[in-house]
Amino acid sequence: MDWSWWSIAASLAGGLLLLWGALLVALWVGRPDELGLRDALRLLPDVVRLLRRLATDAALPRGVRLRLWLLLGYLAMPFDLVPDVIPVIGYADDVVIVAFALRSVVRHSGMGALERHWPGTPDGLAAVCRVAGLARPQPQG
């Protein structure tokens, strides 16, 4: 079969478009509910401080810290994988990606790492845990 450069380029572009479509579907399925999305956007400054503190914590595994630095770099990019003009999931992509990162931190380092570095209120941490799908330990007392 005779492959020319334009057919290879078209195939690559089609494959990337299919991958992007799969990302959109995954974000739609994993999107937080409206309350969770509003909570997450309201808590964004505290979440960014949390991510930075976690990324600089030498007690966390190196792989976790590397993923957090990559996440901070992604959040700092001036464009998103899913443009904000797409209804519902346009703004939810960052929330979903942060939620996956926080789940990874808890899976590898425990909930104590989040609690230690959380800069906001206990209610704010509970909201972040709810959006990220994390089970927060009940207060003892």
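**Briefing: a predicted all-helix model**

Leu 70 lies in helix H4, where helices (H or I, at least four residues) and strands (E, at least two) are DSSP runs, numbered from the N terminus. The model is predicted: local features need pLDDT of at least 70 and side-chain atom pairs count only at pLDDT 80 or more, while totals for chains, interfaces and linings use all residues. Residues are numbered from 1 along each chain as its sequence is written, and side-chain values use heavy atoms, with hydrogens and water left out.

**Overall composition**

- The protein has seven helices and zero strands, giving the pattern α-α-α-α-α-α-α along the sequence.
- Of the 141 residues in the protein, 35% are buried; buried means under 20% relative accessible area, exposed over 50%, and partly exposed in between (1.4 Å probe, protein chains only).
- Among contacts with a separation of 6 or more, 65% join residues 24 or more positions apart, a contact being heavy atoms within 4.5 Å.

**Nonpolar core**

- The largest nonpolar core has 27 residues; such a core is a set of buried Ala, Val, Leu, Ile, Met, Phe, Trp, Tyr and Cys residues joined through side-chain atoms within 4.5 Å.
- The residues with the most contacts inside this core are Val 47, Leu 51, Leu 54, Leu 68, Leu 102, Leu 114 and Leu 134.
- At least two residues of this core come from each of helix H3 (44–55), helix H4 (62–76), helix H5 (89–109), helix H6 (111–117) and helix H7 (122–132).
- H5 supplies the largest share of this core, six residues.
- Leu 134 touches Leu 102, Arg 103, Val 106, Leu 114 and Cys 129, when residues up to four places away in sequence are not counted.

**Packing of H3 against H4**

- Two packed helices are described by the angle between their axes and the distance between the axes.
- The axes of H3 and H4 come within 8 Å and cross at roughly 145°; axes are lines fitted to C-alpha atoms, for helices over the stretch in contact, and angles run from 0 to 180 degrees between N-to-C directions.
- The crossing of H3 and H4 is left-handed, a term applied if the near helix is turned anticlockwise from the far one by less than a right angle, with right-handed used if clockwise.
- From H3, the contact is made by Val 48, Leu 51, Arg 52, Leu 54 and Ala 55; from H4, it is made by Arg 65, Leu 68, Trp 69, Leu 71, Leu 72 and Leu 75.
- Leu 70 of H4 counts as exposed, at 59% relative accessibility.
- The C-alpha atoms of Leu 70 and Ala 55 are separated by 9.6 Å, with the two residues 15 residues apart along the chain.

**Salt bridges**

- Side chains of opposite charge can pair when their charged atoms come close.
- The structure holds two salt bridges, each defined as a side-chain nitrogen of Lys or Arg within 4 Å of a carboxyl oxygen of Asp or Glu.
- One joins Arg 49 to Asp 46, with the closest N and O atoms 2.3 Å apart; both residues lie in helix H3, three residues apart, about one turn of the helix.
- Within this pair, Arg 49 is partly exposed, with a relative accessible area of 35%, whereas Asp 46 counts as buried at 16%.
- Asp 57 forms a salt bridge with Arg 116, the closest N and O atoms being 3.5 Å apart.
- This second pair links distant parts of the chain, 59 residues apart, with Asp 57 in the loop between H3 and H4 and Arg 116 in helix H6.
- Asp 57 counts as buried at 11% relative accessibility, while Arg 116 is exposed with a relative accessible area of 54%.

**Side-chain to backbone polar contacts**

- His 108 is placed in helix H5 and is partly exposed, with a relative accessible area of 44%.
- A polar atom of the His 108 side chain lies 2.9 Å from the backbone oxygen of Ser 104; a polar contact is a pair of N or O atoms within 3.5 Å, where within protein one must be able to donate a hydrogen and the other to accept it, and residues adjacent in sequence count only if both atoms are side-chain atoms.
- Leaving aside neighbours within four places in sequence, His 108 is in contact with Pro 61, Val 64 and Arg 67.
- The C-alpha atoms of His 108 and Val 64 are separated by 7.4 Å, although these residues are 44 residues apart along the chain.
- Ser 7, in helix H1 (residues 5–30), is buried, with a relative accessible area of 16%.
- A polar atom of the Ser 7 side chain lies 2.9 Å from the backbone oxygen of Ser 4.

**Helix H7 and its end**

- In H7, the buried residues include Gly 124, Leu 125, Ala 127, Val 128, Cys 129, Val 131 and Ala 132.
- Gly 133 follows H7 and has a positive phi, near 75°.
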